[in-house]
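Keep the structure open while you go through it.

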Amino acid sequence: MSDTSRRPRRPGKPYRRPQKDPVRVLAFEALRAVDERDAYANLVLPPLLRKAREKGDFDGRDAALATELVYGTLRWQGTYDAVIAACVDRPLREVDPPVLDVLSLGVHQLLGTRIPPHAAVSASVELARVVLGDGRAKFVNAVLRKVAQDDLDGWIQRVAPPYDDDPEDHLALVHSHPRWVVSALWDSLGGGRAGIERLLAADNERPEVTLVARPGRATTEELLGEEAAVPGRWSPYAVRLAEGGEPGAVEAVREGRAGVQDEGSQLVALALANAPLEGPDEKWLDGCAGPGGKAALLGALAAERGAVLLASEKQPHRAGLVAKALAGNPGPYQVITADGTRPAWRAGSFDRVLVDVPCTGLGALRRRPEARWRRRPEDLEGFAPLQRELLRAALDSVRVGGVVGYATCSPHLAETRAVVEDVLKQRGGAELIDARGLLVGVPELGEGPDVQLWPHVHGTDAMYLALIRRVG
């Protein structure tokens, strides 16, 4: 019997240290923060990018790629999970979350970008070696090679049921939304397949950056002097920045004379400010003022008319954001920390009242794509009593003849018309105003008297507004 212990060992490949790709490592870190801390990408990503720039790791193209990797992966998470599930031999819940994040980043590069497949797989495996280790990198390599065998359309044909068999599940997989969200948006939108497909597709598009020129402090002409700036569609105070436009580079934004504010949010504030009143117009209230965008616009509009704004916010840290947004307002205002359901002011004190109530945020899925995966149908039950209490308190706070604006950044019928109808039925002494005529030039506002804006129709978040006059 030969002595094999003395045979020379066959030389293997020398160990190669994994190459750290700053762009993909940063994208992975952002996804882990979103997953582990329930953070929002729009809050996590900017400081990570800023730090990378300061270290000299990033240029503008790197920042754009990292942003696309993070937001694209989050938007398409539902569809990518279905693809990954078809390529692994265990339930997805048994795959460690960090491994799933690396896989999802890889799948997005394969199915959602123009990165060549071999480069997408190679870069993802290298990322796995850096952040997970060589063992799990082999698993990532095997899964992504299976994914690379087809494109997105091909995978959707495999994992999504036919539309005729299950319309909602089909749309959920094609457009990467939870099934219950598809159902809720379809109910709110009404109509057939074309409208809901356009809406779901719009949720997956990167929204434009929209600025607001706060009256008396900045002008749209000043903002239009910025590179790649164009006028807003509907608000006279809105200016849109082309893709890649950086709000922090705009002097008026840095100084607080202008701000970042979706045009739908601007229209809500403008409609309330322009609603016809009977009697004095001296005291305005923003009863749910955080984080301060609408309050800053309302404060500036109030100052032009010699009116005073009281901005109330329950959460102290959000009240601080409101104070920052209003700092430098050209007229008098006050910011307080108070619960809008237990008013810290006398009943009937105000001429105009806005309550932009806490909600599921289903109208802003373009900006916060991770929210679609966090929300659950039972969340509606938690918001419903608060929304009704805030609207009732707002109607108590306005004088007879004054106007209340009830707003949500959700189109869900349980958060919009159901709330308004319930409160008006129980309370009496109030009537709806037709809000459509106060959104001058904005098309397709429905049958009224309330207004629902839509991303695919108006290019705004899906803001809802009902204007209510107190008559007794």
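Q: Is Arg367 buried, partly exposed or exposed?
A: Keep in mind that this is a predicted model. The relative accessible area of Arg367 is 25%. Buried means under 20% and exposed means over 50%, so Arg367 counts as partly exposed.

Q: Which residue forms a salt bridge with Arg367?
A: Look for a partner in a distant part of the chain, 105 residues apart from Arg367. Arg367 sits in the loop between β8 (350-356) and α17, and the partner sits in the loop between β4 (258-260) and α14 (263-274). The closest N and O atoms of the pair are 2.7 Å apart, and the partner is Asp262.

Q: Is Asp262 buried or exposed?
A: The relative accessibility of Asp262 is 9%. The cut-off for buried is under 20%, so Asp262 counts as buried.

Q: Which residue forms a salt bridge with Asp339?
A: Asp339 counts as buried, at 17% relative accessibility. Asp339 lies in the loop between β7 (333-337) and β8, and its partner in the loop between β6 (308-313) and α16 (316-326), so the pair ties together parts that are 25 residues apart in sequence. The closest N and O atoms are 3.9 Å apart, and the partner is Lys314.

Q: How far apart in space are Arg374 and Asp38, C-alpha to C-alpha?
A: Arg374 is found in helix α17 (residues 371-374). Beyond its neighbours within four places in sequence, Arg374 is in contact with several residues, Asp38 and Tyr40 among them. Arg374 and Asp38 are 336 residues apart in sequence, yet their C-alpha distance is 8.6 Å.

Q: Which three residues supply 85% of the area that domain 1 buries against domain 2?
A: The domain assignment gives domain 1 as 22-152 and domain 2 as 160-204. About 460 Å² is buried between domain 1 and domain 2, with carbon and sulfur atoms giving 49% of that area. No other three residues of domain 1 supply more than this trio: Arg75, Trp76 and Thr79.

How values were computed. Residues are numbered from 1 along each chain as its sequence is written. This is a predicted model: local features need pLDDT of at least 70, side-chain atom pairs count only at pLDDT 80 or more; totals for chains, interfaces and linings use all residues. Side-chain values use heavy atoms; hydrogens and water are left out. Domain bounds come from an automatic or database domain assignment. Buried area is the accessible area (1.4 Å probe) that two parts lose on being put together, summed over both. Helices (H or I, at least four residues) and strands (E, at least two) are DSSP runs, numbered from the N terminus. Contact means heavy atoms within 4.5 Å. A salt bridge is a side-chain nitrogen of Lys or Arg within 4 Å of a carboxyl oxygen of Asp or Glu. Buried means under 20% relative accessible area, exposed over 50%, partly exposed in between (1.4 Å probe, protein chains only).
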